[in-house]
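Take a look at the model below. This report walks through one part of its fold, element by element.

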Amino acid sequence: MEDTEVRDLLSDLPHSILESILSRLPIRDAVSSSILSTKWRYRWTTLTHLVFDDNCVQTCNDRSLLEGNLISFITRTLFLHQGPIHKFQLSTSYLQCCPDIDQWLLFLSRSDVKELVLELGEGEWFRIPSCLFNCKKLTRLELCRCEFDPPPSFKGFLYLKSLNLYQVLVGPEAIESLISSCPVLESLSLSYFDSLALTVRAPNLKYLCLEGEFTDICLENTPQLLAMSVAMYMTEDTAEHFEQSSSCNFMKFLGGVPLLERLIGHIYFTKGSSHTSAATEATDLAFWAKECPKDCTFKQLKCVTMTEMSGVPHEMEFIKFLLATSPVLEEMSISPYVYVVDCRLNMLIELLKFRRASGQAKILFVQD
């Protein structure tokens, strides 16, 4: 029988298609493709998206060996890589405060990286080196369990559209400066911040998610905001601050979001917080009518979700205010505070009395 050459159809595919195939594989498998043939030896080295996680190395009971293997794999991958790196993601529980990460970030700062995600393990938090702030082409930045302090020479990320900071140690002035120095920022998420008074200045911001213990929130320049979710952890001291502060911007922040379409609010009272008595004793129930602009109207607001509601006067006045100023509202979902059982029926009866600017507005009373 005459020998016939078997044609390697896969290897003859256009480079763009091969890169698309490799980019859909876990990075460990993509690198392993180099053993297929000489044609495949260096194909993976031009991948523009590099995503590393704990699955990059084989598991074993020796943690120090796991850490060493992961560090070696990432370092070797970056050393052999050719061309631009558009995305670098490191999601691992093995590495915490690791000096090798500094070297990787220095390498990336010279590669015009556009998306950078660092999700590191529990333990000593990693301090972001100053070279990260030289990544001028960043469009997305996500940091988890890190700490940073922008250098004085930092002028902002001019192309950053998405910023996500989760359990990050940073001074309040530094975080406000960072936000305001990102002129095209569209999505902002800040999670697990403690005792933070925050002023947001972001003229192109569309999506905002805040979670933590905030003593004050002010939306000073957010005219394009479409959706907002705020989850606040209330201690007794924080609750007392809100009740006693007559100039609390958090109570006024809705005045600067004319395009708001979706609003979600959660309040979690920590152990020992006397939230019901503090709110019940409050006297200024006409706050919304007095402090908000006379023409305040949420012309785009369609959906409102509120949880952990106790039915105390200030909460009910806020709901009344939203219903009266939202002409296109479609749905308001309210979940009562789980430990306040007796007030649920009274709360529901009072809700049905409130005037609604939207004839289509439905009030959903959700009981777990």
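E11, H9 and E12 form a right-handed β-α-β unit. Right-handed means that, with the strands pointing away from the viewer, the path from the first strand over the helix to the second runs clockwise. Helices (H or I, at least four residues) and strands (E, at least two) are DSSP runs, numbered from the N terminus.

This is a predicted model: local features need pLDDT of at least 70, side-chain atom pairs count only at pLDDT 80 or more, and totals for chains, interfaces and linings use all residues. Residues are numbered from 1 along each chain as its sequence is written, and side-chain values use heavy atoms, with hydrogens and water left out.

**The strands.** Two strands pair if DSSP finds at least two bridges between them.

| Pair | Bridges | Facing residues |
|---|---|---|
| E11 and E12 | five bridges | Met 306 and Ile 334 |
| E12 and E13 | four bridges | Glu 331 and Lys 362 |
| E7 and E8 | twelve bridges | Arg 201 and Asn 221 |

E12 is mostly covered, with five of its six residues buried. Buried means under 20% relative accessible area, exposed over 50%, and partly exposed in between (1.4 Å probe, protein chains only). Strand E8 (residues 207-221) is mostly covered too: eleven of its 15 residues are buried.

**Helix H9.** This helix covers residues 313-324. Its twelve residues reach 16 Å from the first C-alpha to the last, close to the 16 Å expected. The expected span is 1.5 Å times one less than the number of residues. Buried residues in H9 include His 314, Phe 318 and Leu 322.

**Helix H10.** This helix runs over residues 344-353. Which of its residues are buried? They are Arg 344, Met 347 and Leu 351. Seen down the axis of H10, these residues fall within an arc of 60°, so they line one face of the helix. The arc is that of the directions from the helix axis to the C-beta atoms. An α-helix has 3.6 residues a turn, so residues three or four places apart point the same way. The face turned away from the buried side of H10 carries the exposed residues Leu 345, Asn 346, Leu 352 and Lys 353.

What covers the buried residues of H10? The cover includes E11, H9, E12 and E13. Contact here means heavy atoms within 4.5 Å.

**Arg 344.** At 15% relative accessibility, Arg 344 counts as buried. The C-alpha atoms of Arg 344 and Gly 311 are separated by 7.5 Å, although these residues are 33 residues apart along the chain.
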